Amino acid sequence: MSNGALAIQGNEILRASLPGLKRLPILMFHRVVEEIPPGSLYDIHFTRQNLDKLLFFLEGKGYETVTFEDLLARPAPPKPIVLTFDDGYEDNYLHLFPLLKKHGMKAVIYLLGDRAVPSNRWDADKGASPAPLLHQNQILEMARSGLVEFGGHSMSHSNLVKLEEPAMKREIVDCKKSLEGLLGKPVVSFAYPYGFFNETVKRTVAEAGYLFGIAVEWGPDHFGRDFMETRRVCLSPDAGPMEFFWKTSRLYPAFRRLLRRFSPRIGQWSY
Ligand SMILES: [Zn+2]
């Protein structure tokens, strides 16, 4: 289906689903590892063991994982949840993919458009050890499984807010073209690198034909109020059920806003 046809059909289905979707939890992860490396930067690691436990818990609570394409294609199930993984680390193939198969769950992985980027070199100047990114054959195997949907995350993991407009546009548009060439179907969502965006970036993502712009811990509380500013929550590496309930509760977005008022640096993500 073309981007335009998908948008028209998807909008109708989404409008019908939205009343039940307002509290759609969207979780954000990055790396899935056997062991969290000592002194690692940021909270971007989740152990395979803890993710296994979390998926088991979500299953028990009746959550059903959906992707953004699912939301466009059919009405959402009664307790939907979206699991997202940014940057496209190879460990997503090694550790996440087997867990998705085990639990029969789905995830969305945000990839760079430039397949020649071998690792997270955008973090190198902060002293992060290089982590390899997914190879093309791993991406295609996961796409074929139907358990993983891929979205865009720019060509080179640039801070789009700092780029001149033509370069910013290339990062967004070329990423879509590249991924659609690889996957052979429309790519419907785009996660802003580092979670950074402004109105021009949002508009460019929409004009490029993405139907969802994926932010980090801000954006409207309710899913669907602004599809180009879709809010996610980030779980800490040792998160259990309590943290999940708290961060997906109605109170949490208000708490985040309060925190940012007292400490504006909170929410300055660097992923
Ligand atoms: Zn990223």
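Let's start with strand S5, residues 80-86. Six of its seven residues are buried, so the strand is largely enclosed by the rest of the structure. Keep in mind that this is a predicted model.

Who sits beside S5? Take strand S1 to begin with, residues 26-29. S1 and S5 pair in the parallel sense, over four bridges. Leu27 is bridged to Leu83 of S5. Met28 is bridged to Thr84 of S5.

Next, strand S4, residues 64-65. S4 also pairs with S5 in the parallel sense, here over two bridges. Thr65 has Ile81 as its bridge partner in S5. To get from S4 to S5, the chain passes through helix H3, residues 68-73, and this β-α-β crossover is right-handed.

Then strand S6, residues 107-111. S5 and S6 run parallel, joined by three bridges. Look for Asp86, whose bridge partner in S6 is Tyr110.

Met28 has Cys234 as its bridge partner in S10.

Are the faces of S1 covered or open? Both are covered. Ile26 and Met28 are buried on one side, Leu27 and Phe29 on the other.

Now the core. The largest nonpolar core has 63 residues, and Ala107 and Ile109 have the most contacts inside it. Which element gives this core its largest share? S6 does, with five residues. Pick out Ile109. Beyond four places in sequence, Ile109 touches Phe85, Gly88, Asn92, Val148 and Phe150.

Over to helix H4, and to Leu100, which lies in it. Why does Leu100 count as buried? It has 20 C-beta neighbours inside 10 Å, and the cut-off for buried is 20 or more. Leaving out neighbours within four places, Leu100 contacts Met105, Lys106, Ala107, Leu147 and Val148. One distance to check: Leu100 to Thr65 is 10.0 Å, C-alpha to C-alpha, across 35 residues of sequence.

Zoom out to the whole chain. It holds nine helices and 10 strands. For 271 residues, a compact globule would have a radius of gyration near 18 Å; this chain comes in at 17 Å, which agrees. The C-alpha atoms fill a box of roughly 45 × 45 × 40 Å along the principal axes. Buried residues make up 40% of the chain. As for contacts with a separation of 6 or more, 63% are between residues 24 or more positions apart.

Last item, confidence. Mean pLDDT is 90, and 95% of residues reach 70 or more. A caution applies here. Where pLDDT is low, predicted coordinates should not be read in detail.

To recap, S5 pairs with S1, with S4 and with S6, and six of its seven residues are buried.

Technical notes:
Residues are numbered from 1 along each chain as its sequence is written. This is a predicted model: local features need pLDDT of at least 70, side-chain atom pairs count only at pLDDT 80 or more; totals for chains, interfaces and linings use all residues. A residue is buried if 20 or more other C-beta atoms lie within 10 Å of its own, exposed if 12 or fewer, and partly exposed in between; C-beta atoms are placed from the backbone. Two strands pair if DSSP finds at least two bridges between them. A crossover is right-handed if, with the strands pointing away from the viewer, the path from the first strand over the helix to the second runs clockwise. The radius of gyration is taken over C-alpha atoms; the globule rule is 2.2 Å times the number of residues to the power 0.38. Two residues are in contact if their C-beta atoms, placed from the backbone, lie within 7 Å. A nonpolar core is a set of buried Ala, Val, Leu, Ile, Met, Phe, Trp, Tyr and Cys residues joined through C-beta atoms within 7 Å. pLDDT is the predictor's confidence in each residue, from 0 to 100.
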